[in-house]
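Here are my notes on the model you sent. Please read them with the structure open.

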Amino acid sequence: MTLQISNMTRRFGPVDVLRGIDLTIGEGELIALLGPSGSGKTTLLKIIAGLDWPDAGGLSVQGEDWLPKTAQERRTGFVFQHYALFPHLKVRDNIAFGLTVMPRAQRPGKAQIAARVEELLHFLQIPALADRYPAELSGGQRQRVALGRALAISPPVLLLDEPFGALDAQVRRDLRRWLRGVHDATGTTTIFVTHDQEEAFELADRVVVMGAGRIEQTGRPDEIYDHPATPFVARFLGLTVEIPVTLRQGRAEAPGLDTSALPRRAMADGPATLFLRPADITPIPDPASPFRLTALTTTGATHRLVMEGPADCRPEAEVARRSAAALTVGQTLRLRPEAGQIFPGGPGAQTLPAAADNPRFKESTP
Amino acid sequence: MTPDQTPGALAPKESRLVPRLLIGAALALTAVFIVVPMIYIFHRALAEGWRLYAANILQPDTLHAVWLTAVVAVIVVPVNIAFGIAAAWLIARFSFPGRKALLVLIEIPFSISPIIAGICYLLLYGRQGLLGPWLIAHDIKILFALPGIVLVTMFVTSPFVMREVLPLMQAQGSEQEQAALTLGASGWQVFRRVTLPNIRWALLYGAVLCGARAIGEFGGVTVVSGNIRGQTNTLPLQIELLFHDLNVTGAFAAASTLTLIALVVLVLKVRLEGTRG
């Protein structure tokens with residue numbers, strides 16, 4: 001089913017949760033809505049399900065206006081982060097729920113419902129759990145049941161809110177692969193919300209990065225990873241080191257910075273900001289550099305360096321432990337970025353409302 | 001030398017005196033304040049033999065009081081179940097101005113002496129009351145009749161169901177209901193198949209408490225019933241009347257009936273608590 005969202009806005013009291021969302025989702029796509037908490041992604045998902053309503057804008061599915069329809073009429077089978085299974089029903093009856101509440105005229109017969117549930121239990125690889133109650137299941141098993149309950153009604157679009165958010169890392173990875181398999185087998189248009197970029201990039205055909213009620217960037221995972229469109233996306237994807245530079249003939253220049261590894265950019269000369277991942281920086285001892293090493297901590301395999309430079313710039317770098325053997329706190333270092341993004345404007349110019357209070361925007365990790 | 005292997009043998013020895021004193025005190029108080037008086041009720045009721053006991057209970061006025069009490073409970077409990085669910089649903093699921101105030105208002109009957117409720121109804125529906133003349137003109141009898149007793153009992157017992165159901169509904173949140181909606185369930189289906197099963201034990205528990213209070217209510221009812229023997233006397237009022245008549249055996253016989261009902265309710269309540277836990 002194709003789904004079209006146009007110029008959608010939503011306010012909660014004084015807060016603009018959505019500020020003009022435009023998004024078109026194609027038949028059978030698997031879409032990730034990625035963003036920090038408070039970016040409006042869950043609100044957008046709930047509006048699609050009919051559990052919340054926009055103040056303005058349009059929502060249509062297969063060309064049909066969905067806004068006048070209730071959640072009951074849309075039948076999306078919303079999947080919640082904490083599963084929201086019915087605790088008094090067995091797994092089997094949880095999955096059958098959406099079929100048993102259909103109007104009598106359309107409702108399949110008892111035998112048909114039982115057969116459909118059986119088929120889903122096998123498809124989701126949980127036939128042994130059929131007669132258990134939700135309280136007797138692990139988190140991963142509950143999420144499988146929750147997805148089965150949604151799939152049972154063959155929803156026009158499958159909506160999942162942080163589907164793996166409450167699970168531990170290993171189960172999360174397994175379920176991710178499993179969900180991808182389920183999607184490929186059913187072909188159901190699927191939208192899921194996450195704040196975990198790894199999850200979004202591994203699972204989705206297309207990632208929609210949201211920040212402060214706006215869509216910051218839409219694209220394939222590798223496109224977004226390689227070419228973040230805005231400073232917000234760059235920060236969110238872990239390019240947390242920001243160094244003020246001057247652009248001259250497409251090259252970024254700053255004292256103590258060796259940008260020979262970066263390609264030239266077709267950008268106008270003037271002040272700009274270089275965004276870097278801490279792991280993409282190679283520090284080289286250099287007595288003439290303005291960057292002084294102020295802290296050195298280790299996380300086992302890597303060393304984490306904190307430096308102090310001109311204009312309140314405190315870049316961090318991560319280097320393999322081997323190559324950092326010679327570093328001592330207090331010495332000065334030249335920085336050699338191996339990869340990075342340049343956005344025009346000096347320090348502060350890139351600061352977006354969402355990140356205004358925290359330039360190092362750390363909400364990217366859960 | 002073999003080490004002493006009693007579990008916890010190496011724990012420091014503490015004096016058992018304090019726990020024993022506390023347990024002893026609790027048992028003694030329970031006996032003095034609860035067990036002895038209850039046994040005494042049955043002892044006095046049966047003091048002059050089973051036959052007199054039966055005769056006292058089967059006395060028409062007492063039988064009528066039992067009947068009236070049952071009627072009141074049968075009307076009040078279902079109404080308060082409906083009211084309690086509606087109020088809990090409203091407060092748990094919706095946010096609206098005055099929500100906190102409503103919560104306080106609903107709990108007022110718990111903090112107000114029932115006799116004040118009785119007097120309020122007297123002033124409202126009485127001959128000289130606010131609605132009195134209108135009621136007389138339309139020949140509607142509320143005070144000194146069943147409607148008055150039911151109204152006051154309802155007032156006194158109204159918070160019980162809501163108080164039990166509300167915390168549960170708040171703790172469970174609305175996600176299950178929202179999930180049911182997006183699976184295509186109608187409002188009524190959501191209520192019957194998701195909300196109600198979730199609160200069923202709390203609801204029953206609240207209903208039992210409500211019923212117990214409805215049966216035992218004295219203060220409010222005594223103001224509005226008019227104490228007409230064989231007509232508007234509920235069981236607690238009948239007990240008081242018999243006592244004033246110096247028919248001590250009769251009073252204790254009626255009291256034993258009420259106590260029996262209370263004991264049955266208590267057993268129900270304990271079993272329900274087990275199920276809920």
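**Notes on chains A and B**

1. Four strands of chain A make an open, antiparallel sheet in the order E2-E1-E4-E5. Strands pair if DSSP finds at least two bridges between them. Strands (E, at least two residues) and helices (H or I, at least four) are DSSP runs, numbered from the N terminus.

2. This is a predicted model: local features need pLDDT of at least 70, side-chain atom pairs count only at pLDDT 80 or more, and totals for chains, interfaces and linings use all residues. Residues are numbered from 1 along each chain as its sequence is written, while chains are lettered from A and ligands numbered from 1 in the order in which they are written.

3. Strand E1 (residues 3-12) of chain A runs antiparallel to strand E4 (residues 56-61) of chain A, joined by five bridges. A:Leu3 sits opposite A:Val61 in E4(A).

4. Chain B has 13 helices and zero strands. Its C-alpha atoms fill a box of roughly 95 × 65 × 30 Å along the principal axes.

5. The radius of gyration of chain B, taken over C-alpha atoms, is 25 Å; a compact globule of 277 residues would have one near 19 Å, by the rule of 2.2 Å times the number of residues to the power 0.38.

6. Buried residues make up 35% of the 277 in chain B. Buried means that 20 or more other C-beta atoms, placed from the backbone, lie within 10 Å of the residue's own.

Notes: A residue is buried if 20 or more other C-beta atoms lie within 10 Å of its own, exposed if 12 or fewer, and partly exposed in between; C-beta atoms are placed from the backbone.
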